[in-house]
Amino acid sequence: MNKPIKGFSKLSKAAKLEWLTQNNFEHPDKTLELFQSYWHNDSSVQQKHDDFIENTMTNYYMPFGVAPNFQINGKLYTLPMAIEESSVVAAASKSASFWLQRGGFKTEVISTEKIGHVHFMYEGNAQPYFNEFENLENQLRESTKSLTANMEARGGGITSIKLVDKTAQLDHYYQLEVCFETCDSMGANFINSNLEEMAKRLESFTSAHSGLDESKLEVVMRILSNYTPNCIVRASVSCPIEDLESEGTSGEDFARKFKRAIAIANAEPYRATTHNKGIMNGVDALIIATGNDFRAVEAACHTYASKSGQYSSLTHCKLEDGVFTYWIEIPLALGVVGGLTKLHPLVVKALEMLGKPNAEELMGIVAVSGLAQNFAALRALVTTGIQKGHMKMHLLNILNQLEATQEEKAVITEYFKDKVPHHREVVNYFCTLRGQPIPKLGS
Ligand code: MEV
């Protein structure tokens, strides 16, 4: 039985494990053994992983796969992908090979600005803030000098500070809206530290000002926004429509259906959600492999997908003068320095595999991964259907669940080579092969 515990985070790792396994599992000793079997055999590497978060008990393995043959801006890349979903890497590789024959992917970084806010309430006449904004802005910049010096030396820093009246949305609500260039870092800590300094200066500015009343000011939050509509990258492919001939479908038919599939995602949020989920399969796998924050990227992309007021597709397509052009445009606030980038040995290797890209190059590569994933999904959906490829990759998961031997796996994989391996049929075939009774439906 789980029981409340005080001061858990202060216990030693061994004591935490003891408490955890004794209180939560039917077989504490076996569970402890299992958790320990996932520890790294080099204790210094394990210590690094332990230190990423609080209360680390063990490591959670995630496959780290690669998808070769991505030609991006004329250069060949092998993409590192950390993901558990069986068909994603295979889909990426298929798209990569398809576009390798048709000129590859192109990318363009459109903007790189990040944004953060001091959210505050002023329950009085806020006009003096606006009247003397120049003075306030100078003071805000001055308050962050020691924080920004380094970033400025690298070509970044604070690019603008605005005072925004949000009282039409919420009574007494104002913002300092601050834009940043954070160069090769994602910049979350840099941005938040700056905002915290600025908030302090806003308070001292208020108390020193005869026309303002500090008791009417309440700084509510100082935080970056993960919505980064000014940190945008575009990735695209294009080829003559006739070159799209695919799975027995003519280029014209394929292009027309493909375009319709995107139009459906734009018209129907139920479809758009799945359509964009498929894109995020590619985006997240790269984001995780390169030690970036996939929750931040997910949040930004979904808000961006709603910018018209209706949640819609992140990919777009046009057919003009016999040419198919297909692209993605997404906000990606990424870093190649800071965070996990030097700490996680596999992140270091993932970045090395990509040729140690700067943040802008990485934005392009990640966008390509999203586009490639969407291309593979739509290509399957408008031709053979998704289950053929998906279930083929999932077959090994089913066989592992059944605890099939390597020999059995080889026989069964061969048998399903040209069939969709539905779960029930795999189980039936497996049982027949073993000479076991076929389980009844529902068992
Ligand atoms: C599965 O993870 C993703 C897809 O459903 C995406 C799509 O339908 O576009 C295949």
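Helices (H or I, at least four residues) and strands (E, at least two) are DSSP runs, numbered from the N terminus. With that in hand, let's work through some exercises.

This is a predicted model, in which local features need pLDDT of at least 70 and side-chain atom pairs count only at pLDDT 80 or more, while totals for chains, interfaces and linings use all residues. Residues are numbered from 1 along each chain as its sequence is written, and side-chain values use heavy atoms, with hydrogens and water left out.

**Exercise 1. Is His-172 buried, partly exposed or exposed, and which residues does it contact?**

Step 1: His-172 belongs to the loop between strand S5 (157–165) and S6.

Step 2: The relative accessible area of His-172 is 33%, so this residue is partly exposed.

Step 3: Apart from neighbours within four places in sequence, the contacts of His-172 are Phe-120, Met-121, Tyr-122, Glu-123 and Thr-167.

Step 4: Now compare sequence and space. His-172 and His-390 are separated by 218 residues in sequence and by 53 Å in space, C-alpha to C-alpha.

**Exercise 2. Work out how the sheet containing S9 and S10 is built.**

Step 1: Start with the pairing rule: two strands pair if DSSP finds at least two bridges between them. Strands of a sheet pair through backbone hydrogen bonds, either parallel or antiparallel.

Step 2: Write down the order. The 4 strands run S3-S8-S10-S9 in an open sheet, with antiparallel pairing.

Step 3: Identify the edges. Strand S3 (106–109) and strand S9 (315–320) each have a single partner strand, so one side of each is left without a neighbour in the sheet. From one strand to the next, the twist averages 20 degrees.

Step 4: Zoom in on one pair. S9 and strand S10 (residues 323–331) are joined in the antiparallel sense over 6 bridges. His-316 has Trp-327 of S10 as its bridge partner, and Thr-315 is opposite Ile-328 in S10.

Step 5: Inspect the turn. The hairpin of S9 and S10 has 2 residues between the strands, and Asp-321 takes a positive phi near 50 degrees there.

Step 6: Axes are lines fitted to C-alpha atoms, for helices over the stretch in contact, and angles run from 0 to 180 degrees between N-to-C directions. Helix H9 (residues 251–267) lies across S9 and S10, at about 145 degrees to S9.

**Exercise 3. Which residues surround the ligand?**

Step 1: Use the cut-off: a residue is near a molecule or strand if one of its heavy atoms lies within 4 Å of it. The ligand is surrounded by Glu-85, Arg-271, Thr-274, His-275, Lys-277, Gly-278, Asn-281, Ala-377, Leu-381 and Ile-386.

Step 2: Oxygen atoms of the ligand lie 2.5 Å from a polar side-chain atom of Glu-85, 2.6 Å from one of Lys-277, and 3.0 Å from an N or O atom in the side chain of Asn-281.

Step 3: Accessible areas come from the Shrake-Rupley method with a 1.4 Å probe; for residues, only the protein chains shown count as cover. On its own the ligand has 300 Å² of accessible area, and the protein covers 83% of this.

**Exercise 4. Describe Asn-55 and Asn-69 by phi and location.**

Step 1: Asn-55 has a positive phi near 60 degrees and lies in the loop between helix H3 (43–52) and strand S1 (64–72).

Step 2: Asn-69 has a positive phi near 70 degrees and lies in strand S1.

Conventions: Contact means heavy atoms within 4.5 Å. A polar contact is a pair of N or O atoms within 3.5 Å; within protein, one must be able to donate a hydrogen and the other to accept it, and residues adjacent in sequence count only if both atoms are side-chain atoms. Buried means under 20% relative accessible area, exposed over 50%, partly exposed in between (1.4 Å probe, protein chains only).
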